[in-house]
Amino acid sequence: MTNQNVLEKSRLNERILELAKSISNSNGLELPRASVPELVAWFVDGLFAQPKNNLIKPLEDNNGKVNSWIDSMRASSPTRTKQGSENQNRNQTHWTLFHPSALNMFDQIMYNSNGKQIVVFLDYDGTLSPIVTDPDRAFMSKKMRATLKDIAKHFPTAIVSGRCLDKLFSFVRLSELYYAGSHGMDIKGPTNRRSTKKGNNDGVLLQPANEFLPMINEVYKILVEKTKCVPGAMVENNKFCLSVHFRCVDEKSWAALAEQVSLVLNEYPKLKLTQGRKVLEIRPTIKWDKGRALEFLLESLGFANSNNVFPIYIGDDRTDEDAFKVLSNRGQGSGILVSKIPKETNASYTLQDPSEVGEFLRHLVDWKRTSSRSHK
């Protein structure tokens, strides 16, 4: 074995021990006295012993199979019971081994950035604001807005959401940010930010699904009428995509709602259905998603093929997985999933809720200020 391989193995062992100690401390567990291979086996054995149905599965293309939709809708709303609390804690522990807290690992994340340009990408609902019953009242706190303003002073920052661009901006109201609405199908840059050294980023504008606007509006009107028979259902027009919210729908009515959506989409093969948290998302079938939006924004900033960038993407939804996957494939930056429960994810780290997101972002601002002072 070469000296380089020995060094890499040593670093890997140190990383495993660091993760194990962090997880054990945060979960009140006693770390067993064992070698690194034995320690890995201890965690992995428990990981693969957990029931697979405890992880939220994506909604796959099911060609109108309503039963599959219902199963996926239930999977996104796991029931917590006292009887299963021990198993849930065990599953959480082993899931956290591979997706540790971004707060606990903050120093490690900053070390990995290694002097590169950090670019911050953030989902909105469930990340910057709590998930609420009425999607029109998903307001973020004044403290979070102040934190975002500070973040944007130090790093290029983008909000990437399924919301339409106008609605997104009305919630955030910060003109110095980038906005990617409709799952990245409607992108606009800052209106009062100076250009970076890498290139002119003012007024970035992209709408790759423009031709679908008439169809989206047509389907919106149809769905509004068709879902009136399902109490609590709400259809939201996000310009280049539609959201059918079922957060306020009784579970007994989910089948009726899914069937109505299925019947409508059968007539529109150029539209596809995906699922988020208590919402069915209807989008054009073009090859565009939050991951593509992330790549477009990095390119606009001059980092298309650069090794000198460290993107951080924070999101809570299944649609954010496209962005996490891009970061994983690029081998750059960090994906951070906002979730309190185990989910299948391409993210490397986790945060539990918007309050922890705010805390992480404030740590990032403090770190930047400290590092800037140290270089003066």
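Eight strands make up an open sheet of mixed pairing, in the order S5-S4-S3-S2-S1-S10-S11-S12. Strands here are DSSP E runs of at least two residues, helices are H or I runs of at least four, and both are numbered from the N terminus. Two strands pair if DSSP finds at least two bridges between them. At the edges stand strand S5 (205-206) and strand S12 (349-351), each with a single partner strand, so one side of each has no neighbour in the sheet.

This is a predicted model, in which local features need pLDDT of at least 70 and side-chain atom pairs count only at pLDDT 80 or more, while totals for chains, interfaces and linings use all residues. Residues are numbered from 1 along each chain as its sequence is written, and side-chain values use heavy atoms, with hydrogens and water left out.

Buried means under 20% relative accessible area, exposed means over 50%, and partly exposed lies in between (1.4 Å probe, protein chains only). Val309, Pro311, Tyr313 and Gly315 point one way from S10, while Phe310, Ile312 and Ile314 point the other way.

| Partner of S10 | Sense | Bridges |
|---|---|---|
| S1 (residues 117-122) | parallel | six bridges |
| S11 (residues 334-338) | parallel | four bridges |

On the S11 side, Ile314 stands opposite Ile336. From S10 the chain crosses through helix H11 (residues 321-330) to S11, in a right-handed β-α-β crossover. Right-handed means that, with the strands pointing away from the viewer, the path from the first strand over the helix to the second runs clockwise.

Touching here is contact, with heavy atoms within 4.5 Å. Angles run from 0 to 180 degrees between N-to-C directions, and axes are lines fitted to C-alpha atoms, for helices over the stretch in contact. Helix H7 (residues 165-172) lies across S2, strand S3 (178-181) and strand S4 (186-188), running at about 135° to S3.

**The four-stranded sheet**

Another open sheet has four strands in the order S6-S7-S9-S8, with antiparallel pairing. Its edge strands are strand S6 (234-237) and strand S8 (271-276), each pairing on one side only. The twist averages 20° from one strand to the next. Strand S7 (residues 242-245) and strand S9 (residues 279-284) are joined by four bridges, and Leu242 stands opposite Ile282 in S9.

Helix H8 lies across S6, S7, S8 and S9, at about 165° to S6. The axes of H8 (residues 213-226) and helix H9 (residues 254-265) come within 10 Å and cross at roughly 150°. That makes H8 roughly antiparallel to H9 (angles over 145 degrees count as roughly antiparallel, under 35 as roughly parallel, 65 to 115 as roughly perpendicular and the rest as oblique). Where do the two helices meet? Val219, Ile222, Leu223 and Lys226 in H8 meet Gln260, Val261 and Val264 in H9.

**The whole chain**

The chain holds twelve helices and twelve strands. Of its 376 residues, 49% count as buried. Among contacts between residues at least 6 apart in sequence, 62% join residues at least 24 apart.
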